[in-house]
Amino acid sequence: MRASVWLGRIAGIRVGINLSVFVIVAILVFGLVAGRLPLAYPDRGLVAYVGAAVVAALLFLASLLAHELAHSLVARRNSIEVESIVLWLLGGVASLRGEPKTPGADFRIAIAGPLTSLGLAAVFGLVVGGLGLLGADGLPIGVLGYLAATNAILGIFNLLPAAPLDGGRILRAGLWRWRGNRQAAAVNAARAGRVLGFVLIALGALQLVTGDGISGIWIALIGWFVVSSAAAEEQQARISGRLAALTTGHVMTPQPLTLDGNLTVDEFVRQVAMTHRFSTYPLVDALGRLVGLVTLNRVRAVPQAERSTTRLWDIACPPTEVPTARPEEPVHDLLERMHGCADGRAVVVDGEGRVLGLVSSTDLARALQLADLRRLDAYPPPSGADVTSMSPRPDGTGRPGQR
C-alpha cells in the first residue's frame with residue numbers, strides 16, 4: 001500500500017497515510033453523528049456530535065498506528081528492518097524488509113499488534129470506569145467507551161487464525177515450529193484466510209438481503225480484502241518455496257549499465273535509451289556506489305520541452321527508496337521489498353554500496369522456470385563421488401564434440 005502523504009517519522013519509522021483513509025474517517029464520523037452518539041446522549045447540538053465524532057475517528061486512527069507500530073518495533077528487535085507504516089481504508093500496513101528467521105520471532109511480531117489493541121481497549125475502559133465512579137457523564141465518556149469497544153474488536157478480530165490477519169501469522173508460526181517448514185505453514189495459513197474471507201462475504205451478502213445495507217457492504221468489503229490478500233500470500237509462499245535455495249547473486253543480471261546523474265534526460269534518450277535494450281539504469285557516484293535509480297517509465301513522464309534541462313538526478317528514485325540486497329541474501333527475503341518507485345526492480349550491492357547487479361521480474365521468472373525444470377528433470381545432475389567433467393570442444397563451447 002502506497003502512501004499519498006508522508007506525515008513524518010516515529011522512532012525512526014516513516015509514517016504515511018493513503019487518501020483512502022479519509023473514507024473510513026467519513027464512515028466513522030457519519031456513523032457516530034447519525035446513530036451512536038445521539039442515541040446515547042440526546043439533546044446535544046450537531047456541532048457537539050460532529051466534534052466528538054471527529055475526535056473519536058482521529059483517536060481510532062492513532063490506535064491503528066499504535067497497533068502497526070507495535071509490530072514494527074518488535075520486528076526491529078528481531079533484526080528486521082522496517083521500511084514504513086501506511087494507514088489506509090481497511091487499517092494499517094507495516095512494510096518489513098525481510099521475513100522472520102524463526103517461528104518464535106514470527107510469533108512475537110504477530111502477537112504484538114493485537115496485544116497493543118487489547119491493551120488500549122483496557123486503558124480506555126478503565127478511564128471510562130474511573131470517570132463513571134467520579135460521576136462524570138457526557139460525550140467524552142461516549143468517545144472513550146467507543147474507543148474501548150473498537151480497540152477490543154480490532155484486537156479480537158486480528159487474532160482469528162487466518163492470513164493476512166495477525167492470527168494467521170500466529171498460526172503460521174505454530175505450524176512452522178511443529179512441522180519445520182515455513183512455506184507449507186504459510187500456505188495453510190493463507191488457505192484458512194481464504195475460507196474466512198468467503199465467510200465474511202457471505203455474511204455481508206446476508207446482511208444486505210436482510211436490510212442492513214451499510215454494515216453488509218462493509219463486511220463484504222473486508223471479506224474481499226481477506227480473500228485477495230490470502231490468495232496473494234499463498235502465491236508468494238509457493239514462489240518463495242521454489243526459490244528457497246537461491247540467493248540474489250544467483251538470479252541477478254550482473255554488471256548493469258550504470259550512469260552519471262548529471263546526464264540530461266535528452267542526452268540519455270539519444271545516447272543511451274536508443275542504443276541499449278535495458279529498461280533500468282542505476283546511478284552511481286565516482287566509487288560506483290548506488291545514488292539513485294532511473295527507469296524508462298520515469299523518463300517517459302518528463303515532458304518533451306523539459307528534457308534538455310532535466311537531469312537524471314531530478315527524476316531518479318532516491319537510494320533510500322530503492323530495494324537493495326547483498327549477493328548472499330536469499331531471494332525470497334527480497335521479494336517483499338520489490339515495489340515502490342523502483343518499478344519492481346531491486347539493486348544488488350556489495351558491503352560498500354557498490355552496484356553489482358539488478359534483479360527484475362524477468363530475472364525472477366527465469367529463476368522460477370529453471371526451478372521447475374530442475375524439479376521435472378528425470379535425470380538430475382550427478383553429485384558426490386559420481387561427478388564427472390565434460391571435455392570442452394575445440395571451439396571452446398564446452399560441449400562434447402562429435403566423432
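Is glutamate 233 buried, partly exposed or exposed? Glutamate 233 counts as partly exposed, at 21% relative accessibility (buried means under 20% relative accessible area, exposed over 50%, partly exposed in between, with a 1.4 Å probe and protein chains only). Keep in mind that this is a predicted model, where local features need pLDDT of at least 70 and side-chain atom pairs count only at pLDDT 80 or more, while totals for chains, interfaces and linings use all residues. Residues are numbered from 1 along each chain as its sequence is written, and side-chain values use heavy atoms, with hydrogens and water left out.

**Salt bridges**

- The structure holds eleven salt bridges, each defined as a side-chain nitrogen of Lys or Arg within 4 Å of a carboxyl oxygen of Asp or Glu.
- Glutamate 233 has arginine 169 as a salt-bridge partner, with the closest N and O atoms 2.7 Å apart. That pair ties together distant parts of the chain, since arginine 169 sits in helix α5 and glutamate 233 in helix α7 (residues 213–242), 64 residues apart.
- Arginine 169 also counts as partly exposed, at 21% relative accessibility.
- Another salt bridge joins the side chains of arginine 172 and aspartate 106, at 2.8 Å from N to O. This one links distant parts of the chain too: arginine 172 is in helix α5 (residues 166–179) and aspartate 106 in helix α3 (residues 103–133), 66 residues apart.
- Arginine 172 counts as buried because its relative accessibility is 9%, and aspartate 106 is buried with a relative accessible area of 3%.
- Over in helix α9 (residues 265–273), aspartate 266 and arginine 270 are four residues apart, so about one helical turn separates them. They form a salt bridge, and their closest N and O atoms are 3.4 Å apart.
- Then there's a network: Arg191, Arg194, Glu234 and Arg238 are joined by salt bridges that share partners.

**The sheet**

- Four strands make an open sheet in the order β1-β2-β3-β4, with mixed pairing. β1 (5–10) and β4 (91–97) are the edge strands, each with a single partner strand, so one side of each has no neighbour in the sheet.
- From one strand to the next, the twist averages 20° (axes are lines fitted to C-alpha atoms, for helices over the stretch in contact, and angles run from 0 to 180 degrees between N-to-C directions).
- β1 and β2 pair in the antiparallel sense over five bridges; two strands pair if DSSP finds at least two bridges between them.
- Arginine 9 stands opposite arginine 14 in β2.

**Helices**

- Helices (H or I, at least four residues) and strands (E, at least two) are DSSP runs, numbered from the N terminus.
- Helix α2 (residues 46–77) has 32 residues and reaches 46 Å from its first C-alpha to its last, close to the 46 Å expected at 1.5 Å a residue. The expected span is 1.5 Å times one less than the number of residues.
- Just after α2, serine 79 has a positive phi of about 65°.
- Arginine 36 belongs to helix α1 and is partly exposed, with a relative accessible area of 42%.

**Nonpolar surface patch**

- Val5, Leu7, Leu19 and Phe22 make up a nonpolar patch on the surface, with about 400 Å² of accessible area together. Patches are made of residues with over 30% relative accessible area and no salt bridge, with like charges joined within 9 Å and nonpolar side chains (Val, Leu, Ile, Met, Phe, Trp, Tyr) within 5 Å.
- Accessible areas come from the Shrake-Rupley method with a 1.4 Å probe, and for residues only the protein chains shown count as cover.
- Leucine 19 lies in the loop between β2 (13–17) and α1 (21–40), and counts as exposed at 52% relative accessibility.
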